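We will stop at one helix and then at one strand with its partners.

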Amino acid sequence: MPLYDVEYVCPLTCAQQEALAEAFTNLHAKRFNTPRYFVNVRFTDASNQVVFRGGHRRKYNRVILRTRAGSNRTNESYIEHCRAIAAEWEQIVGNEDDESLRTIWVMGALTTALEAGLARPKTGEEDDWLEANKAQFKKLAEGGDEDFIELMKELESD
């Protein structure tokens with residue numbers, strides 16, 4: 001259940017937000033073997049937030065990723081991921097003046113979580129967890145849960 005908090009000071013259109021959400025979801029799903037359904041992206045207009053850096057008032061765009069840490073997730077893999085996030089931002093939003101993405105923080109402190117009553121697996125155990133819970137996912141999908149309908153489509157397309 002990673003959460004990408006996108007705090008922006010430049011205007012972002014709905015189309016740009018959708019493109020960023022899609023890009024970050026795809027990057028995370030591919031790099032960390034996470035079903036797209038579990039990736040969350042939240043946008044907050046931070047243009048009126050008061051932020052001080054080095055004791056000086058500053059306004060800048062930032063992405064804060066809250067995710068699970070694990071021994072199979074190295075610092076290098078997180079740095080590569082940050083570079084990929086920055087590249088997507090630059091392609092979708094730009095890098096001129098207030099458009100530029102100043103900071104990407106990865107907070108690997110998500111210890112555990114429940115999603116629809118199911119405890120999330122440890123990093124590296126996702127495949128076994130998905131297989132063990134597939135019947136419950138299917139039941140939720142058959143009950144009309146749109147998120148689990150999408151998850152089942154994703155799992156069945158692999």
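Select helix 3 (residues 126-142) and look at Asn133, where the helix bends by about 55 degrees; the bend at a residue is the angle between axes fitted to the seven residues ending there and the seven starting there. Helices (H or I, at least four residues) and strands (E, at least two) are DSSP runs, numbered from the N terminus. This is a predicted model, in which local features need pLDDT of at least 70, side-chain atom pairs count only at pLDDT 80 or more, and totals for chains, interfaces and linings use all residues. Residues are numbered from 1 along each chain as its sequence is written, and side-chain values use heavy atoms, leaving out hydrogens and water.

Now show side chains on helix 3: Asn133 is among its buried residues, together with Glu126, Trp129, Leu130, Phe137 and Ala141 (buried means under 20% relative accessible area, with a 1.4 Å probe and protein chains only).

Next, select strand 5 (residues 61-66): 5 of its 6 residues are buried, so the rest of the structure largely encloses it. Strand 1 (residues 3-8) runs antiparallel to strand 5, joined by 5 bridges (strands pair if DSSP finds at least two bridges between them). Look for Glu7 opposite Arg62. Strand 6 (residues 101-107) pairs with strand 5 in the parallel sense over 6 bridges, and Arg66 has Met107 as its bridge partner there.

Methods. Buried means under 20% relative accessible area, exposed over 50%, partly exposed in between (1.4 Å probe, protein chains only). The expected span of a helix is 1.5 Å times one less than its number of residues.
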